[in-house]
Structure formats: structure tokens, C-alpha cells
Amino acid sequence: MFNFSIVTEWIHNLLASFMPGWLTTTVECVLIGVGLLLVYSLLALFYIYYERKICAFIQCRLGPNRVGPMGLLQVFADMFKMLIKELITINNTDKFLFALAPYLVIIASMLSFACLPWGNGLQVINFNIGIFFLIAVSSIGVLGILLAGWSSNNKYTLIGAMRSGAQMVSYELSIGLSIITMVCLAGTMSIPGIVEAQENGWFIFTGHIPAIIAFIIYLIAGTAETNRGPFDLPEAESELTAGYHTEYSGIHFGFFYLAEYLNLFIVSGVAALLFFGGWMPFHVPGWEGFNDIMNYIPSPIWFIGKAIIISAIIIWFKWTFPRLRIDQLLTLEWKYLLPINLVNLVLMVLVVVYNLHF
Amino acid sequence: MNIQEKIAGFFPEASFEEGEILRIDIPAEKLHELAQKLRDEFGYDYLVTIVGMDWTDSLGCIYYLMNTADKSQISFKAATADREHPALDSVADLWKIAVILEREVYDFFGIIFVNNPDMRRLFLNIDWVGYPLRKDYDENPELNPVTTESERQSDETYVWKREDGKLVKHVERVFQDDDFVVNIGPQHPATHGVLRFRTALDGEIIKKIDVYMGYIHRGVEKLCENLQYPQTLHFMDRLDYFSAHNYHHGLCLCIEKAMGIEAPRRAQVIRVIMDELSRIASHCLFIGTYCMDLGATTMLFYTLRVREQILDIMERTCGARMTFNYSCIGGLMADIHPDFVKDVKELLAICPKNVAEYNKLFTGNVITKGRLEGVGVLTHDDAISYGITGPSGRASGWACDVRKTHPYSIYPELKFEQVVRTEGDSMARFKNRMDEIQQSVDIINQLIDNIPEGEYCAKVPKIIKLPEGHWFQIVEGCRGLFGVYIESKGGNQPYRLKLVTPCLNLASVVDHITRGDKIADLITIGGSLDYIVPDIDR
């Protein structure tokens, strides 16, 4: 398996050879930042196209097919439209908070995006509580949504934001608990550590029953966390027009929109990391030849591929199920998912303690 | 002893006019007493409509009632000669729908209903000058200019009471000062048109809804008074645009009844086929948009496929996809397209499969059940009191299908079931429509191979004049009972043409059945009632 740390080491050494230490660090930070932004926006564009195509397939339509070959340029056209649109300022809003909110959302999304294990050695930051950091930063997003709803001074956005707050805070719990379940199995909170623990089989296979339960809960909670259907109450367009971002226009709206798609990727990426081995290829212990062939596929492709396939499931949810009501949504979390999750955690601990996993 | 003699016993001052529907002429002061007697002792528990009238020498109302047990109809008329401050007693305490119906009469004729709890204008601006359906109405545009400013809004409503023989106006508030009122509409995806729900909320819980109508009020009844009978037909496409054929059918039947002619059998069969095709198309659209309101966007595309197919059939025969204008007085505008039978058979073949597919995708879903079951329960008695007809009324256990209760055209010969459920919740209303698609398919199946040869339109005079008199005809639209009342003074224009539309009742019941539910349930309930805004506003 090609280790990308060779490349990153080489760049680091090259920079360090003619720069003082502080400048090297600064340049590297800028390079990584630019690289991440680039990947972020490209992935967002891809996801918009991807969702529209899947949705069209489910709904017996063709989807975008006019701009560019197979409609591939449609998303770029949409993006430029969004960029050149006027930022409408609204009377009687809290101007500062109104402008701040989309940045909070996008920053939260960027930060958690940066934690993902992109490939073998392709890791922005590696510290021993990586997954903990990821949970922490992803929670900032809800602040942006609440601020957006509050500062717009509109009853729809306020209700949307309140719903969103209740929903995200509740489902954070499920996400956290199912992540902890998997951390138990991995024995580490470091993200590369979790990936390496899955070298001889992904956790979804080795952790058997508790891992599968954790995965299902994670998928449900992750869908809710990203405010996607059937949990898209904060922006339930038939009730609240567009929920918390009703009053936003231009690129500020674009930020919410981008963050939403990227959160889909992040949730799928974390699922890939915890249950499907991150960038780790599909290995079967004992089948050396097969494992070698799998190793030929570069690790970023493994990771992004897994994330995209998991996203497809979440997209499939959205275009199939009707929306839940707020009380049903909270009932699902507090009365079902949370107790199941706690029991599942105990189960996982037993599995680990008695060494029942593969 | 028939009902006429019994009533004559109670009210010696009443006079009677016999006809298809008995009409009792009662002095204004006995109006409420008679209404109460008719409801409590003779079982006339359903107020079909209140027709406001201006006979130039007097202003008044004609009340059409129906007995839901034996399906008999009766009407009574009360008038007042006072044109400055005309007042009649309200029957809002007897039939809940009367609150809205009386507001409509007040809006158009200026008749004040004493003791009506909500005596505001219904469709027109609160600052509108004059009462448009009065014969002496001043149409001068300077009185009611088109302004670029927002119309004045007010939270005040009025209750008129008789105190010491005088009329006294009490001012009341629709909402209190500390109510958190959210405007759902007039531009809102869930209202399916320009309708506005002023919703007082307590968190996510609905405290009260004030339905604000009239954004697309076009004054169809007023317009019809200045048009010849064949011209009035065009408006029937523009009320409930999904049951355009049914409404055409209703008005044609009423005029034909007045003229004493009957459409040829070929025309009758084709009319019924068209009615039922409209019903399938309408219910398909309902299912699609309803599921979309609930977040299941995909269903819309599945159901629209069937609707498109029906619209294509319509387009080939009628030349239009929305405003068909197909039935005319005496029969049909044109014969069916040569491919009509083939196309309809193709549709009939796929319809049951599609319904099964919708059920598989949506009806059995656990989220759907959670959202629909037990939400917005309308009891049987409330359904009758509010006059909720059509699939929504039948979901509350009220067998109110006009095709069965008061059969018209060739419906008596056809075999089909009246779909009735007793739960009264949103799920029952939804499933009723699903099942009615199947019933409509059955009806068309019985007819499509038996379209008789012959004329498609009877011979009618070039200028259609109706004799002096009045006629009332009800038919089953896609959303409920549609009624036409025509009063003629013998010319080629109606003296008064009143349209009884089901959606006004559907919209007015929203407040009653959403109280205490959540905002999300407003969407569920409003959607399941399936009102069409042009049909409310006319």
C-alpha cells in the first residue's frame, strides 16, 4: 500500500531546507488549508450532482442533462449563479449575528472535514483524541443554525432553528454513543489508530452484533444530524418554507447549502472510518493474493468510495420516506435509540472484555 | 300527514311553494324557530347552502337543507324589506358551517346576521365600499380603486345582538395581544394556492387558526349575472380546476332541467366517463402533492404519470389540458377523439397496478402511519354540521356521495361502491381517495365498451332562455357536493346564479380540527382535506 507520508515528508523537508521553522509551518498550514478548501468545494459540487442524479433515478426522471455532457456543468453554473447573487440585507435583523451564522456553520463543517483520514499517511492532524475532537467541532454547527434562526427576526426561521437545536442536540448523543462503542472495540481514539486496527477486517465484520447495531444507530442519527429527510424538519419546506435559512441569499445561503452537502459526506466518511476501515482496503485474513490485489487500489479511492456509497443510502432515505413530526423525532431518539445505544455499549464492552470479536 | 302540513301546523304564517324541493316562505322573525324545528324534529341536519338574494324590493336568504338519514331536501326563504340595515337571525348555533356561509352573504349583500359570532367580510377587503351582489351596487371603480398599498388589516370582529329591540354591535378580538401569530400563507407551499392561515401558536401547538380567504376571489357569481347561459359555463373550469368536467356537468344539468331537455344518451355516457377520469386525475394529484407535503417527494412523480396520461386523453378530445369546457347545454361541444376508447383502456389497465405501487411505497410506511393515523379526527356529527362532503366527509362515516344519494345522469344504472370509513382521521381521508380511484376505474370499465352511437348534442335553440323560476341541482365533484342554484326572471341571463362549492366548507373546518395539534399536523390535516383555493374564493 502506497504511503502518502513519503510525499508529505518530502514536501516538508523541501520547505524546511530553505525556510526557517516557523515559516515552514505557516506555509504548510496555508497549503493544507487551500488544498482542503479545494477538495471541500469540489466534493460539494460533486455531491450536488450526485444527489440530483440519484434522486432523478428514484423518481423516474433524467436529472440534469442540458448543461455540459450529462449535465456535468450544471452544478458549476449553479455555483456561479450563487456567487454572483446579491446579498440581500433585511431590516430589523441582528446584522452581526446574521452575517456570522453561515460562517459558523461552514467552519464547523470545515473543521470536521479536516479530521477525516483521507488515505494512508494523508492525515491533516494526528492526535490521540482525534475522534473526540471531531465530535466537538461538529457540534459548533448547531450554534450557527440557532443564530441564523434567531437573528433573521422571522417566525418561520425561529421555529426552524428551535427544531433544529432540539434535534441536533438530541441526536448528537446517539452519534457520540455509537462512536464510543466503536472506540471501545478499537481501543484508541486516534483516527489513524482506528483505521489501522481494522487491517485484518473491518469493524462491521469483526465487531459482529454490537457493531452492526451501532452502525444502524449511527446511520439513523447521522441522517438526523445532517438534517436530511426523513429528519429534515428544521427546513421542512412544506411547513416552514426553508426553515432557518429562509432569509439568506447569495453566498450566505450557499454556505448553508454547501455545509449541508458536506455534512452528508462527513457523516458518511466517519461511518466509513468507524465501520468500514477508513482508507483500509478490503482484506480477508489468509487470502494473500486477494489482499494484494485490493492493495493496488489507492487508499484515497477506498475512503472516498466508501463514503459515497454510504451517502447513497442516506440519499435513498430522503427520497423514499415521508418526514417525521418533531415529537415523533424526539421520541425516536430519547425513548428508543438512546436506551438501545446504552445497552449496546455494555454489550460491546462485554464482547471486548471476553474477547468474543474476531 | 306530510311535512308541509306539519309545518303549517307549527307556523300558520308560513306559505309554501311546491316543486322538486319544497320551499317554505317564512317571516324573518320566525326564521330561527323554523330552522331549529327543521333540524331537531324533522332531521334536516345538513345545511347545504345559504343563497343570498336581492329581489330589489327585499333582501333575503334561501336556506337549502338536507336530511342525511332519508336524503330528502327542503328549503326555506326569509326576507327583509329594510335595505339600510337588513338583519336576519343567525343559524350559526344550529349548523357550524353557517358562520362562514352567513359571512359570505354579509359580504355580498350586506345582510347582518344577529348573533353570528364572527360578522366580518369574507372575501372582499375590509374597506370595500358597497355590497357587490345587490342589484343597486355601484360599480364605479373610483369607489374601490386598485391600490398599490397593502390592504388594511384588523384583528377586530363584530357580533351583532338584539338588545331591547335594537341592534347593538359588539367588538371582539380574533387574537389576543400576547398570541404568537404566524402567517401560513398567502404564499406558502402547504396552502396549495393563495390562502392564508393566521395561526396562533403556543410553541409548536396550534391554539387557533383564522382562515383568511378571498385572495383569488373573482366574483364568478356576479359575473354570471351579466352573461348568457352558455357563457356562464366557462367559469366552471376555473373553480375547482381538477373537477372541471363535474362542475360543467352540474351546471349543464341545472340549465337542462330548467329548459326541460335531456342530453342524448351518448353525451350522458361520455360525460360520466369524463367525470370519473377527472376524479382519478384529481385523486392522483392529491396523493402526489399530499405525500410531497409530508416530505415524500418521490410519490409526486409516480402519481403525476397517471395524471399526465389522463390529461393527454382529455387534450385529444377536448383540446385543452386544464380548462376543458367540454360539456355544453344539451350535450357535448364535440365528439370524442377516435382513439379515445383505446387510450382509456390503456389507462384502465395500468391504474390498479399503480395504486398497488403507491400503497406499497407510502401507505404502509411506519412514518406515514405515525403522521396520519389519529391526526385531525373529524367526528361524524361535526362532518355533517360543517357540511364536509366528498371523500373527506365519507372518511367520517357519513355516506354523502351524491352519485348514490341523489343519483343523476346515468349513475343509477352503474355498479359501484360508496367508499365510507369511520375513523375520521387523515389516514381515512387519504385511503378513501385511494379507494375511489379503484371505484372510478370500475365505473369507466362498465361504460367504455358501451358508448352508444348517436348524436352527441341535443337540438337546442340558438338563444337559450330559461322560464321564470328557480332550480337547484347537486352533483358530486372530486372534493364533495357541488350545487348550482339558478333563479331566472325569464331572460337569457340568470337573475342569480349561486355556486355551492365543497372547498369553502373544507377550509372552514381547518380551525376546528387542528386545535391542540402541532404545526406539522396543520400540513397533514389541510392536505388531507384537499381544498382547492379557487373553489373556496370563487
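Which domains does the domain assignment of chain B give? In this predicted model, the assignment divides chain B into domain 1, made of residues 16–135 + 157–170, and domain 2, made of residues 220–537. Between the C-alpha centres of domain 1 of chain B and domain 2 of chain B there is a distance of 28 Å. Where the two domains touch, 18 residues come from domain 1 of chain B and 19 residues from domain 2 of chain B. On the domain 1 side of this contact, strand 3 of chain B (residues 46–54) gives the most, with six residues. That side of domain 1 of chain B holds 13 nonpolar, two polar and three charged residues.

B:T56 sits in the loop between strand 3 and strand 4 (59–66) of chain B. Its phi is near 65 degrees, a positive value in a residue other than glycine. B:T56 counts as exposed, because 10 C-beta neighbours lie inside 10 Å.

Of the 358 residues in chain A, 44% are buried. Among contacts in chain A with a separation of 6 or more, 80% join residues 24 or more positions apart.

Within chain A, one helix pair gives a clear picture of packing. Helix 2 (residues 21–58) and helix 12 (residues 250–275) of chain A pack with their axes 9 Å apart, at an angle of about 90 degrees. The two helices of chain A are therefore roughly perpendicular to each other. From helix 2 of chain A, the residues A:Y40, A:L43, A:A44, A:Y47 and A:I48 meet A:L258, A:Y261, A:L262, A:L264 and A:F265 of helix 12 of chain A. By class, the contact between these helices of chain A has 10 nonpolar residues, no polar and no charged ones.

Helix 12 of chain A contains A:F256, which is buried because 22 C-beta neighbours lie inside 10 Å. Leaving aside neighbours within four places in sequence, A:F256 is in contact with A:P102, A:V105, A:H245 and A:Y248. A:F276 lies 20 residues from A:F256 along the chain, and their C-alpha atoms are separated by 28 Å. As for helix 2 of chain A, the loop between helix 2 and helix 3 (74–84) of chain A holds A:C60. The phi of A:C60 is near 55 degrees, a positive value in a residue other than glycine. A:C60 is exposed, because 11 other C-beta atoms lie within 10 Å.

Finally, the two chains can be viewed together. The contact takes 23 residues from chain A and 22 residues from chain B. On the side of chain A that touches chain B, the elements giving two or more residues are helix 11 (237–240) and helix 15 (326–353) of chain A. This side of chain A has nine nonpolar, six polar and eight charged residues.

How values were computed:
Residues are numbered from 1 along each chain as its sequence is written. Chains are lettered from A and ligands numbered from 1 in the order in which they are written. This is a predicted model: local features need pLDDT of at least 70, side-chain atom pairs count only at pLDDT 80 or more; totals for chains, interfaces and linings use all residues. A residue is buried if 20 or more other C-beta atoms lie within 10 Å of its own, exposed if 12 or fewer, and partly exposed in between; C-beta atoms are placed from the backbone. Two residues are in contact if their C-beta atoms, placed from the backbone, lie within 7 Å. Helices (H or I, at least four residues) and strands (E, at least two) are DSSP runs, numbered from the N terminus. Ala, Val, Leu, Ile, Met, Phe, Trp, Tyr, Cys and Pro count as nonpolar, Asp, Glu, Lys and Arg as charged, and the others, Gly among them, as polar. Domain bounds come from an automatic or database domain assignment. Axes are lines fitted to C-alpha atoms, for helices over the stretch in contact, and angles run from 0 to 180 degrees between N-to-C directions. Angles under 35 degrees count as roughly parallel, over 145 as roughly antiparallel, 65 to 115 as roughly perpendicular and the rest as oblique.
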